[in-house]
Amino acid sequence: MTHLSRCIAACLLVAACSSDPAAPEADAMVADVAVADVPADLGAPSDTPVAVDAPVAIDAPGEVDASAPAYPDGPYGNRMGSVLANLTWQGYVNPTGEAISNTLPYTTTSLQALRGSGRGYAMVHVSEFL
Amino acid sequence: MLDAGGVIVEVLASNANAPPTRNNLNSWITTFGLPVTALIDPSGVGTRTLNTYGVRESTFIVDLATMVVVFKVNGAVAGVGPSGVAQAIPRMLELLGAP
């Protein structure tokens, strides 16, 4: 995939994240600053133990990079400086950006699995279906 | 970002505060033509990502060596103003040493 197409992919993600056709235009931005000391916007403590997933049918099993180091121990949190908890998800793993994601197998994965070799950085975006 | 070694993870964490479905995820991807990893919570765990990571439009940059959050921003939940991703991309590129 070319650099240009990857830039386009990032731009599409930005568009998805910023689009909210159902939202009233008068609503203001809730928070726009990354601050380590801001309390978490959580309904539950961020270091709550993660529940075990129920088994479900998937198209393909998830894989963990064998070169990935063990996931760091907690306590976990969602603030700057915290260790982000390792959650398990289902969906479409698309590390190369070479296709629209739902053309790929539906699978189970986790933050640990997506971590790869443990080099570099991940951008994790939490969105809501509207 | 991908070329520079970055990982992008889009988690559709809720549908009106309820767990989103696979159909919701497919619709989300199709609507925006998303070519990035796109995920939902497994069935049976509720809105676990929302409860653990925080409200939607939370965008984290995580050091993959330590899994420590090195940057966090909450974007425009109402669709007005810059998204969290838009605000995080410059920092991500900087961390990755990408132009």
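This short talk goes through a predicted model with chains A and B, starting with confidence and ending with the cores.

First, the conventions. Residues are numbered from 1 along each chain as its sequence is written, and chains are lettered from A, with ligands numbered from 1, in the order in which they are written. Local features need a pLDDT of at least 70 and side-chain atom pairs count only at pLDDT 80 or more, while totals for chains, interfaces and linings use all residues; side-chain values use heavy atoms, leaving out hydrogens and water.

Now confidence. pLDDT is the predictor's confidence in each residue, from 0 to 100. Chain A averages 68, and 48% of its residues score at least 70. Helices (H or I, at least four residues) and strands (E, at least two) are DSSP runs, numbered from the N terminus. Where pLDDT is low, the predicted coordinates should not be read in detail.

Next, chain B. Strand β1, residues 7-15, has eight of its nine residues buried, meaning under 20% relative accessible area with a 1.4 Å probe, protein chains only (exposed is over 50%, partly exposed in between). What does β1(B) pair with? Strands pair if DSSP finds at least two bridges between them. Strand β3 of chain A, residues 121-129, runs parallel to β1(B), with eight bridges; in one of them, A:A122 is partnered by B:V7. Strand β2 of chain B, residues 37-40, is also parallel to β1(B), through three bridges, and here B:V11 stands opposite B:L39.

β1(B), α1(B) and β2(B) form a right-handed β-α-β unit: with the strands pointing away from the viewer, the path from the first strand over the helix to the second runs clockwise. Helix α1(B), residues 22-32, has buried residues including B:L25, B:W28 and B:F32. Just after this helix, B:G33 has a positive phi of about 60°.

Last, the cores. A nonpolar core is a set of buried Ala, Val, Leu, Ile, Met, Phe, Trp, Tyr and Cys residues joined through side-chain atoms within 4.5 Å. The largest has 25 residues, of which A:M123, B:M1, B:L25 and B:M92 touch the most other members. Helix α3(B) gives the largest share, five residues. A second, separate core has 23 residues, among them A:W89 and B:V9.
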